[in-house]
Amino acid sequence: MFTKLFSSFRQFNIFRNNAKQLMLVGLLSTICYRQRLSLQVNPNIKQYGDKLNRAFKRTLQPEDDFYKNTIILSGTSNKELAEEIAEYLNIKLGSVKIGRFADGECQIQVLDNIRGKDVFIIQSTSPPVNDNLMELLLLVSALRRASARKIIVVVPYYGYARQDRKCAPRVPISAADVARLLETVGVDRLISVDLHCGQIQGFFGPRVPVDNLEANLVAQNYLSLQKKYEFKDVAVVSPDAGGVYRAKKFQEQFDQHHPGMQSHLAMIIKQREGPGKIAQMNLVGSVKGKDCIIVDDMIDTAGTLSEAAKVLKEQGANRVFAFATHALFSGKAFTNLSSPSLDQIIVTNTIPPKTQEEVLGDKICRLSVAPLLAEAIYRVQKKESVSTLFDIKH
């Protein structure tokens, strides 16, 4: 060690005269000797290092318990549904302050400590769509900046879902743009119910898994428990060509819930003049003397639904039921739903009810998806299978 130091010093011409050279050589010799001696006679140096390691060592904790490391927050779009989910899971909703500034900007503050927590945000992007979407984005941003470990957004109704492709020149693919926004602010996972089309799952990258839950399970349980309907001959109807897969799946589940019954599948082909304007409807399949169940993912203005019910009654249908997951009820929806051709309307609470629904009385039935979402949240957090939730065995 000393020889190397001395050679390097000589190489750079550090020593100017012999006297200084000898003094420095002696000093270096003394330092090296003492250092070597201390290392030999002081075995506590290594022990001290081990002691420090033991004092500051961080052992990995076992997998967190669901209730210990999970926080559920709710936006303002559907607080009632969030409270139902929390009650089902036997967990208290987290505290978050959401308000508006004088100019209408969204003001958000999470009041709980969420550092290192797994946070589930329950927020539908239902009307007012832009306000609820912006609120969701800012909530995710606030949580990410506050060092949440994982952020899972539970979006029962995914807004902008109908704009999933370019159907005209110079138009956006809004469903994909919303997905990109959620990815950018830091979402780790998305849970939704009956996306308008399955390809929306592909708008998110592989780092953001998407669970698309099916509300059919909720409707099937309701229909099988309602003995007053006494279904005998049933036809499941898709109101357009794009919903045939959804109707086919509903038909298969219906037959499983009603052993010994063989339902039929029908489809209505509609031609539009423009958004919300139907020019013509044609029925494919036989519905004469049958109880028809129209299956769709949403009811907006209910124009398609009311016209489809009229066509089915004209073709000899006995009774006409309608099941849709998302009850938007925009524009003239309640006028159209009052059509005598519709016997029963079944929807879920992915979107909060409107006060005008009272005019429909018992004609409309609203089912809760809270147990479905709560079970999905629990399984995601506990790393259990979500797909087995929809396995039907008799």
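Colleague: What share of the chain's residues count as buried?

Modeller: In this predicted model, 45% of the 394 residues count as buried.

Colleague: And the secondary structure, how many helices and strands?

Modeller: The chain has twelve helices and 14 strands.

Colleague: What about contacts, how much comes from residues 24 or more positions apart?

Modeller: They make up 64% of the contacts with a separation of 6 or more.

Colleague: Switching to helix pairs. At what angle do H5 and H12 cross?

Modeller: Roughly 60 degrees. H5 covers residues 79–89 and H12 covers residues 370–381. Their axes come within 9 Å.

Colleague: Left-handed or right-handed?

Modeller: H5 passes H12 in a right-handed crossing.

Colleague: Which residues meet there?

Modeller: From H5, Leu 81, Glu 84, Ile 85, Tyr 88 and Leu 89. From H12, Ala 370, Pro 371, Leu 373, Ala 374, Glu 375, Ile 377 and Tyr 378. By class, that contact has ten nonpolar residues, two charged and no polar.

Colleague: Now H8 and H9. What angle, and how far apart are the axes?

Modeller: About 40 degrees, with the axes 10 Å apart. H8 is residues 216–225, and H9 is residues 244–257. That angle makes H8 oblique to H9. The crossing is right-handed.

Colleague: How do they divide by class?

Modeller: Five are nonpolar, six polar and one charged.

Colleague: New topic, H10. What span should it have, and what are its ends doing?

Modeller: H10 has twelve residues, 303–314.

Colleague: Which H10 residues are buried?

Modeller: Gly 303, Thr 304, Leu 305, Ser 306, Ala 308, Ala 309, Val 311 and Leu 312.

Colleague: Why would residues three or four places apart point the same way?

Modeller: An α-helix has 3.6 residues a turn, so residues with that spacing point the same way.

Colleague: What comes just after H10?

Modeller: Gly 316, which takes a positive phi of about 95 degrees.

Note on methods: Residues are numbered from 1 along each chain as its sequence is written. This is a predicted model: local features need pLDDT of at least 70, side-chain atom pairs count only at pLDDT 80 or more; totals for chains, interfaces and linings use all residues. Side-chain values use heavy atoms; hydrogens and water are left out. Helices (H or I, at least four residues) and strands (E, at least two) are DSSP runs, numbered from the N terminus. The expected span of a helix is 1.5 Å times one less than its number of residues. Buried means under 20% relative accessible area, exposed over 50%, partly exposed in between (1.4 Å probe, protein chains only). Axes are lines fitted to C-alpha atoms, for helices over the stretch in contact, and angles run from 0 to 180 degrees between N-to-C directions. A crossing is left-handed if the near helix is turned anticlockwise from the far one by less than a right angle, and right-handed if clockwise. Contact means heavy atoms within 4.5 Å. Ala, Val, Leu, Ile, Met, Phe, Trp, Tyr, Cys and Pro count as nonpolar, Asp, Glu, Lys and Arg as charged, and the others, Gly among them, as polar. Angles under 35 degrees count as roughly parallel, over 145 as roughly antiparallel, 65 to 115 as roughly perpendicular and the rest as oblique.
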